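Visitor: I am new to this structure and would like to learn how to read it. Could you walk me through a few features?

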Amino acid sequence: MTTIAFVILGIYTLALAYITIYCVMQFNLLYHYKRTRTPGEKVKALLKEAEQEQEKPQLSSVEDGTSAGRSLAHASAPPPVLEQPDSKK
């Protein structure tokens, strides 16, 4: 009976050791992948420039001039509807 218990304990220990080694190897792969994938100085400069371009206010105008000078967030709203006078026949 004790022999079976030691065999099961040995298999369990080997499985835990295998899982631990596998996880450490995966972490090693992740470390080397991230180290080679970091953006260089040129990419960082381009990202910073694009970020500054996004921060600038952008203006838009519509052909009839109703939303001239308003921001893009407001320009996407539909223009106000003018009431039509009732036509009397």
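Visitor: Where is the place of tyrosine 12?

Guide: Tyrosine 12 sits in helix α1, which covers residues 2-36. Please keep in mind that this is a predicted model.

Visitor: Does tyrosine 12 count as buried or exposed?

Guide: Exposed means over 50% relative accessible area. Tyrosine 12 has 52% relative accessibility, so it counts as exposed.

Visitor: How many aromatic pairs does a search of the whole structure find?

Guide: The search finds one aromatic pair. In this pair, the ring centres of tyrosine 18 and tyrosine 22 are 6.4 Å apart and the planes are at 25°, so the pair is stacked. In general, a pair of aromatic rings is described by the distance of the centres and the angle of the planes. Here, both tyrosine 18 and tyrosine 22 belong to helix α1, where they are four residues apart, about one turn of the helix. With a relative accessible area of 58%, tyrosine 18 is exposed, while tyrosine 22, at 43%, counts as partly exposed.

Visitor: Which pattern does the protein follow along the sequence?

Guide: The pattern is α-α-β-β-α, made of three helices and two strands. The protein has 89 residues, and 2% of them count as buried. Its accessible surface comes to about 9100 Å², with 64% belonging to carbon and sulfur atoms.

Visitor: Where in the protein is confidence lowest, and where is it highest?

Guide: The general idea is that where pLDDT is low, the predicted coordinates should not be read in detail. In this protein, confidence is lowest in strand β2 (residues 70-71), with a mean of 53, and highest in α1, at 94. The mean pLDDT of the protein is 77, and 63% of its residues reach 70 or more.

Note on methods: Residues are numbered from 1 along each chain as its sequence is written. This is a predicted model: local features need pLDDT of at least 70, side-chain atom pairs count only at pLDDT 80 or more; totals for chains, interfaces and linings use all residues. Side-chain values use heavy atoms; hydrogens and water are left out. Buried means under 20% relative accessible area, exposed over 50%, partly exposed in between (1.4 Å probe, protein chains only). Accessible areas come from the Shrake-Rupley method with a 1.4 Å probe; for residues, only the protein chains shown count as cover. Rings of Phe, Tyr and Trp (its six-membered ring) pair if their centres lie within 6.5 Å; planes under 30 degrees apart count as stacked, over 60 as edge-to-face and the rest as tilted. pLDDT is the predictor's confidence in each residue, from 0 to 100.
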